[in-house]
Amino acid sequence: MSAEQQQIADEQEFVDQVYKRLDAAADAARAVAADGHARARLGNDSGLVERDAMVYQASRRLATLDAAHDGLVFGRLDLADDGNRHIGRIGLRDEHRDVLLVDWRAPAAAVFYQATAADPQGVVRRRVLRCLASTVISVEDELLDADAAPDDMVVVGEGALMAELSRARDTTMHSVVATIQKEQDDAIRAPARGVTTIGGGPGTGKTVVALHRAAYLLYSDRRRFEGGGVLVVGPSAVFMSYIARVLPSLGETAVTLRAIGEVVDGLRADRHDRPVVAAAKGSARMAAVLRRAARDDVPGAPEELRIFYRDDVLRLDQSAIRRLRRSLLSGQRRNRVGTKSTTALLDALWAQVDGERALARGREEFDDVVSGTDEFTSFAERWWPTLDAVDVLGWLADPERLRRYGADLLTADEVELLLGSWHGDAAISVEDVALVDELRYLLGDPVEGEVEHDPTVELHDATVHEVTTADDRRTDRRTPRATQRTEDDAHAHVLVDEAQDLSPMQWRMLGRRGRHASWTIVGDPAQSSWPLADEAAVARAEALDGKDEHQFRLSTNYRNSAEIYGLAASYALAKVTDADLPEAVRRTGVRPDLRTVRADELAAAVREAVHELVDTVDGTIAVVTPGARRDDVAGWVDAHERVRVLDPLSTKGLEFDAVVVVQPGEIEAESESGARTLYVVLTRATQRLVTVSTSAGWLPD
């Protein structure tokens, strides 16, 4: 047995011991659950309460143990004066209650990430274990303090970080808990209060560091963050699916993951508007447009009310009705004054009563009689219904209304663009979701008891995801409803990824969910798809409401090979202002393959490039195409489980082993921020990058 094999065998012996304790902990949790169910048979309320509490806690413990099963043990520290210490995804104790495995978030584990050769902090050797389930596959060592190392200490491997960087990708992001570097760990363990901003160029690990930070916060102050809820928001459903395994693998399941098009409960949007339309919908000016809509007459609302009571004919004309509406809305949100609208109508009618018989009967009888007539009830229901935000957004598809709401706020061209986007039965867009949320707050929640509960609507919960069929979700897109009450939107922590892409209206939407929260904000201005940075900065400042900020910059590109990032960096220097260019630390010896073909050869050239990569590259392959060409290009590429065809915006936050970029010049020309978008696309590949174009004009000089 070689020295390395002996080290693996020794670690396997320890790992086997850990998994025995894991199984014992799971057995104990199941026993608690069984005991809890037995309490229900006591036949009293106390027994039921005890059952619920015991089963809930046992179920959570089992979920944590199950999520941490794969790769449970990943690190070991050999210390100069304190033996050795193993680090894992969760903490475990042995049968004597002594620490067997240290949770990676615990203070005792911090040195695993903070120690360096220049400052070993008492660490002689740092070891990373790579495991497949419960089997140790390899070990990678770093000798940090050679002077303190005993003569018989074995050091093996080529370095855990470089080994991890060379690994082929699959369809999901994995935790990097075993290979976190010091500058990343500083951001993960930053103070919980205020705003932690994680910046840096492409491939620096901003997203995965932010997710590890969420897990760290939950560990360090579970009562606060789990009780108040942690919301993680990313750019797309594709991205959220990609990162979905990271937090569970770190032992955390009490986190809400939402794409920006899913932040509002009851709505799911994955379709983006064209950039010019998105710019209009995302502008802060839309808040004023929506305020006007929320205070306007309901379409088809009655313009006159006539009631015959005793000897009087009582009448409210159009001007009187509008005065009543303005009075009711003075400082109030529409759905909150639903019951008051009936009282206001009765007050206005009673003021006209002057017949002796009516006055003699008094106000109480008047209210009973008039409010029970068909004329009155029909008028009241049509004049002041409880409004849904999605329905009110639909009012803006009316040209007359939109021009009136947008007067002095929207240009004539913007009005036409917006009308075109809301024409017909197109599914709600990602950009529409922030507008719906704005209207939810402008309209307000109905007073409790005014709206019947719809048992078919399932609300999202911070720890429970609704179960629906694909057909259900397609139907929901056609008939969406924003269901959650605004008072339930707040969270204790809000984590926003790709924050540079957020429009002012989207910042307003997220700001409502984090008024009293701490924040983690991840982004790189050079990768922004939002064209008006100054406007977004104002909205961001308003959303954060003066909270203290702690800024961290990650400086090393771990994703791209130096050859690939060399091309992307050259492009950024030529086309992108103030790009933050990190240092790529890994070389493959393979330069990007830049192909220029005739227009009639484009389809065949794309197909050929994909075939070559399928044959030569392990892992995932993306074909990135201008949005207008996506359907056509998808038809050019043969179906393969490792190949995905994506538009540029859908690649945000993702990485692939190989990328084929189709017509990069068209991606650049698609929008005002097209150069920044193409820069993003050029930084998605870890191993191979191929561009296929009919012109080389997009290349930097």
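In this predicted model, the side chains of Asp-296 and Arg-404 meet in a salt bridge, with 3.0 Å from N to O. The two partners come from distant parts of the chain, 108 residues apart, since Asp-296 sits in the loop between α11 (285-294) and β10 (305-309) while Arg-404 belongs to helix α17 (residues 399-405). Asp-296 counts as buried because its relative accessibility is 10%, whereas Arg-404, with a relative accessible area of 37%, is partly exposed.

Asp-297 also takes part in a salt bridge, here with Arg-322, and the closest N and O atoms of this pair are 3.4 Å apart. Asp-297 is buried at 17% relative accessibility, and Arg-322 is partly exposed, its relative accessible area being 35%.

A further pair is formed by Arg-559 and Glu-655, whose closest N and O atoms are 3.1 Å apart. Arg-559 is buried, with a relative accessible area of 10%, and Glu-655 counts as buried at 17% relative accessibility. Across the whole structure, a search finds 49 salt bridges, and a network of them links Asp-437, Glu-438, Arg-440, Asp-489, Arg-508, Arg-512 and Arg-513.

We turn next to the sheet. Six strands, in the order β9-β8-β12-β13-β7-β14, form an open sheet with parallel pairing. Its edge strands, each of which pairs on one side only, are β9 (256-259) and β14 (549-554), and neighbouring strands are turned by 15° against each other on average, direction ignored. Within this sheet, strand β8 (residues 230-234) runs parallel to strand β12 (residues 493-496) and is joined to β12 by four bridges, with Val-230 standing opposite His-493 in β12. Helix α21 (residues 504-513) packs on the sheet and touches β8, β12 and β13 (518-522), its direction making about 150° with that of β13. Helix α22 (residues 533-544) packs on the sheet as well, touching β7 (195-200), β13 and β14, and its direction makes about 155° with that of β13.

The last stop is Lys-281, a residue of helix α10 (residues 275-282), which counts as buried because its relative accessibility is 0%. Its side chain makes a polar contact of 3.2 Å with the side chain of Ser-421, and the residues that Lys-281 touches, not counting those up to four places away in sequence, include Asp-273, Trp-422, Glu-431, Asp-432 and Met-505.

Definitions and conventions: Residues are numbered from 1 along each chain as its sequence is written. This is a predicted model: local features need pLDDT of at least 70, side-chain atom pairs count only at pLDDT 80 or more; totals for chains, interfaces and linings use all residues. Side-chain values use heavy atoms; hydrogens and water are left out. Helices (H or I, at least four residues) and strands (E, at least two) are DSSP runs, numbered from the N terminus. Buried means under 20% relative accessible area, exposed over 50%, partly exposed in between (1.4 Å probe, protein chains only). A polar contact is a pair of N or O atoms within 3.5 Å; within protein, one must be able to donate a hydrogen and the other to accept it, and residues adjacent in sequence count only if both atoms are side-chain atoms. Contact means heavy atoms within 4.5 Å. Two strands pair if DSSP finds at least two bridges between them. Axes are lines fitted to C-alpha atoms, for helices over the stretch in contact, and angles run from 0 to 180 degrees between N-to-C directions. A salt bridge is a side-chain nitrogen of Lys or Arg within 4 Å of a carboxyl oxygen of Asp or Glu.
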